[in-house]
Amino acid sequence: MPTITFSLKDLQHLIGKKITIEEIHELSHYGKGDFEGYDEESDEVKIDFGDTNLPYLWSVEGFARLIKGILGMQKGIPKIKISKGDYQVVVDKSVVKYRPFISCFAAKGKKVDDYLIKQLVQLQEKFCETYGRRRQKVSIGLYSYSRLKFPVHYKAADPLSVEFVPLEFKSKMNLKDILAEHPKGKEYSWILEGFEKYPLLTDDKNEVMSLVPIINSNFTGKIEIGDENMLFEATGTDDEAVNLAAVIFAYALHERGFELHSVEVRYPDRKKTSPDLEIKDVAIKNEQIKYLFGLELKESEIKHLLEKAQFEFENQKVKVPPYRKDILHPYDVIEDIGIMYGFDKIKESQLQTFTAGSILRINEFIDKIREIAVGLGYQEVMSPILTNKDLLYKNMNVDDFGTIEIDDYMSETYSVVRSWLLPNLMEVLSRNKHVSFPQKVFEEGLVNTRKGDDVKEWSRIAVASSHDNSNYTEMKQILDYILKCFGLKCDIEEAEHNSFIEGRVGRAIVKGKKVAYLGEINPVVLTNWGLEMPVVALELNLSELFEMVERK
Amino acid sequence: MEIKKLAESLNPSERKVFKVLDNFSSFHDIMKVTGLKDVEVMRALQWLQNKNVVKIEEKQKELVSLDENGHNYLKYGLPEKRFLEAVEKSENISGISKKTNLSSEEIAISLGTLKSKNAIEIEKGKEIVVSITEHGKHLLKHGFPEEQFLKENFPRELSSLNEEEKLALDSLRKRKKIVKVELSKIISAELTDIGKKLLKENIDDNLIEKITPSLIKTNAWKGKKFRRFDVKINVPSIFAGRKQHYRRFLDEVRQKFIALGFKEMTGPLVETDFWDMDSLFMPQFHAARDIHQGYYIKEPKYAKDLPENVVKNVKAAHENGFNTGSKGWRYEFDVKRTHRHMLRTQGTACSARMLASKDLQIPGKYFAIARCFRYDVTDATHLSDFFQTEGIVVEEGLNFRHLKGLLRMFAEEFTETSQIKIVPGYYPYTEPSASLYAKHPQLDWIELGGSGIFRPEMVKPLLGREVPVLAWGIGIDRLAMFKLGIKDIRQLFSHDLEFLRNAKVV
């Protein structure tokens, strides 16, 4: 899902080896990525990494790490060095009920340049939007800590009594106004909806660093070209995901040559060193590899493949690097064994067991009906199932008879599920006024209606004929003929239906069930559709008819 | 064609026209002589021309003919002549006007014309008095050349006029609506060499035109010949009742799956979060489950008919992995939300229902061509309402090697290629997951579909035990567009009747 962009030269620099675009194309498959292109002029490579549970790949550093493993340039879990730092974050108990978790680290010793800022922002955005569920679960901030006085305080603050200058703004605003007026405030205010107090990061001088997870301060809350000292912070509602953000950034900055320093996070009830780089174990069995891939591998082969994928393997236990939180089941590790073995090298087998194919009974019946309609000279049409109430009811001169409506539709044109088919045919006729007559059309398809707390789904067929001699008899003949083909007969009762001309509309009853309307279309309806040619039509319930035919 | 056969192929109006062509060539004359209407003559000539009997010539000509006033003046005489006749010796204007009934405009024209012809003299006093000259008298006696011209047999070709006539025409053209000169098509027909040969043939007027029931009953056709028809003739097009183009394609896809041993499965359009996503082990907080990825419906909000024991298993799978050896997603599963109604977003919902169904057969192969809905703008490459083709193969002992074999079979079946690439992919509910690329003979490498083996966290809660389930989906829209020669995806659901009637049957 997330597409990342990076410079080819940078990737080569991080790997320490020249590789071609063709190689990158192939290598991206190992990360379940789709190579999307390379622009020679800007040296930009684009790759879409589809696995939403592998956010470490949404950075060029992470992709370079993967490649080094595949190429055998780095075996097992990549080493990371992080020294104990003299930095503290104090978590106040006021914030715990809103957004309880925070993870931090410091990075220094190198100057930040324009390209690195872009890469950090890209990773931050992809991570927060997708994995962080649009910042609700995780949000990330970067600061230049030379402007800060430690310890940093994480607390909940009254929206009206705290003021600061948000990024890209010039004057101080209170928290409530920032949510109402700042573009980021408007975009993310939904996360804080219903909160009495808002999460806030300040330094020890009570200088505001960030209104979490909305916007940083214009004074402390940004990284600029030439900065050497960075403080990373991630907050959120899920401890593991917040820590994962810190781990992924820590690995990326380590690989860029920064010195990393841990931060002590003091929760009201405990202390924690951040980030948590714990390596976890997963037990796998050789049979599981055989079960999933049909591969019989030796212990040494398994170890080799796992090391390529940057795991480690000892005593049937796989050690998982801290930036991999996608391992829920042993199969998740075994898939990586298969990937590193090479999907293309795994032998193909044919399915051996004979099974009889078959089509659904109702679809068999529907196909017979369609065949008859075609034989009667009718052109089949197929329409979108999504439509709107104007076409279903207003144009058809009837009241809503129970509609499945979409809660948050994208376009009014497609805002409900069709409740009957005839409006589709009227739409077809209205779009073809210039085309030669007679126009005879039919559509078979599903319709849905709402009856109280129930949703009803039916297969129906609608048939319409339009020419200057079209009349009721024509439709009655078609209905009679279709029924006769299945050994059925109908009684017709006079009906009231405002889509049809009064006195020229019938309701067909087969074996006591009302299965169809048929008649001449009301001139009011014709005019609504802009039609000048008479139309006769019927709509028949095939689900009901099918039941009758099956029961016989 | 032989001349004899040719003679037998002429229809009645062709015969009529042909017989006069020896003597007449102009369209006008042919009409007069045959007594046929102009369309009949034209059609007959065209047919004859198709048979190489005549050559029709069309010329653009300037034709002179009388206009509205010209017809009047032909009947009543030119106004200047009537004016001059009213002047016996000398007369004032009001007298002339009374005698001739000419309009004041006509009188003014007459005054000007006659003065320039030196036919009158004008005295201006209290009233204008006009007297006739000798030349005037001469004109009256010998006639006005313009009036003479009006009596010609119109229409006449401009180029056929002599000098004198041209002078008359020029002077009349300066006046209102007397004569007009128009561009016109002159049609004439000349016999070709074949036509001339045909003249020598006996043209039988007794050929049978139409075979009728009475002709058969009475044996009246015996001893007579049927007129030969031009069997190579172009005829007006017709259209038939037929299946919709995309639906026909989908019908064929369905037949292919049946031939490969797959049973059709289904599910409702109005689905639940449960069958559409939760049962597929997609966590409720998953990015693909944002409100804006699918269409939730207003009312009824919640389904009442979920199998609650299966819901319980799925809840456990999400929260702690059920008894699959998985950690699960480790969050509190929202049971109310799982009942939420939405429009089906993926055909995999049908597979989930099948796995939980008492009708499931193991070993078994299943497929669905399922209508699905996505929160998308409708444009040339996107629909918010489309078909997905999905399926499963359930059997003990199957693994990724069989999945590869299955994918190759699909590639061969749907793209007629055996060149395929199977690369790692990602789906929340399969592990391993793979994407299938096929080298299409025309489209080069295309992504044909996605596949994998369902995760135990999905299979076990639905089925009660772990069995290998190979799952796959094929991007059928793109194949359909290619096969049907369609560039805009909306045309799969076209409402254009001309297009529907004339779409190629493939």
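# Exercises on a predicted two-chain model

**Exercise 1. Work out the strand order of the open sheet of seven strands in chain A, and find which strands stand at its edges.**

*Solution.* Begin with the order, which is E20-E23-E24-E28-E27-E26-E25 in chain A, with mixed pairing. Strand E20 (379-380) and strand E25 (491-494) of chain A each have a single partner strand, so one side of each is left without a neighbour in the sheet, and these two stand at the edges.

Next, follow the pairings through part of the sheet:

1. Strand E23 (residues 439-451) of chain A runs antiparallel to strand E24 (residues 454-466) of chain A, and 13 bridges join them. Glu444(A) has Ile461(A) in E24(A) as its bridge partner. The hairpin of E23(A) and E24(A) has two residues between the strands, and within this hairpin Gly452(A) adopts a positive phi near 60 degrees.
2. E24(A) is also joined, by seven bridges and again in the antiparallel sense, to strand E28 (residues 535-541) of chain A, where Ala537(A) is the bridge partner of Ala464(A).
3. E28(A) pairs with strand E27 (residues 513-521) of chain A over five bridges, in the antiparallel sense, and Leu540(A) in E28(A) stands opposite Ala516(A).

**Exercise 2. Identify the strands of chain A across which helices H11 and H14 of chain A lie.**

*Solution.* Helix H11 (residues 361-375) of chain A lies across E20, E23 and E24 of chain A, and runs at about 15 degrees to E24(A). Helix H14 (residues 472-485) of chain A lies across E24, strand E26 (500-510), E27 and E28 of chain A, running at about 25 degrees to E28(A).

**Exercise 3. Describe how two helix pairs of chain B pack, H2(B) with H3(B) and H14(B) with H21(B).**

*Solution.* Two packed helices are described by the angle between their axes and the distance between the axes.

1. Helix H2 (residues 12-20) and helix H3 (residues 27-34) of chain B pack at an angle of about 115 degrees, and their axes are 10 Å apart. H2(B) and H3(B) are therefore roughly perpendicular to each other. In the contact, Lys16(B), Val17(B) and Val20(B) of H2(B) meet Ile30(B), Val33(B) and Thr34(B) of H3(B); by class, these are four nonpolar, one polar and one charged residues.
2. The axes of helix H14 (residues 245-259) and helix H21 (residues 476-484) of chain B come within 11 Å and cross at roughly 120 degrees, which makes H14(B) oblique to H21(B). His245(B), Tyr246(B), Phe249(B) and Val253(B) in H14(B) meet Ile476(B), Ala480(B), Lys483(B) and Leu484(B) in H21(B), and the residues of this contact divide into six nonpolar, one polar and one charged.

**Exercise 4. State how many residues each chain brings to the contact, and which helix gives the largest share on the side of chain B.**

*Solution.* Chain B brings 78 residues to the contact and chain A brings 76 residues. On the side of chain B that touches chain A, the largest share, seven residues, comes from helix H19 (residues 400-415) of chain B. By class, this side of chain B has 36 nonpolar, 19 polar and 23 charged residues.

Conventions:
Residues numbered from 1 in each chain as written. Chains lettered and ligands numbered in written order. Predicted model: local features only at pLDDT ≥ 70, side-chain atom pairs only at ≥ 80, totals over all residues. Pairing = 2+ DSSP bridges. Helix = DSSP H or I, 4+ residues; strand = E, 2+ residues; numbered from the N terminus. Contact = placed C-beta atoms within 7 Å. Nonpolar A, V, L, I, M, F, W, Y, C, P; charged D, E, K, R; others polar. Axes fitted to C-alpha atoms, helices over the stretch in contact; angles between N-to-C directions. Parallel < 35°, antiparallel > 145°, perpendicular 65-115°, else oblique.
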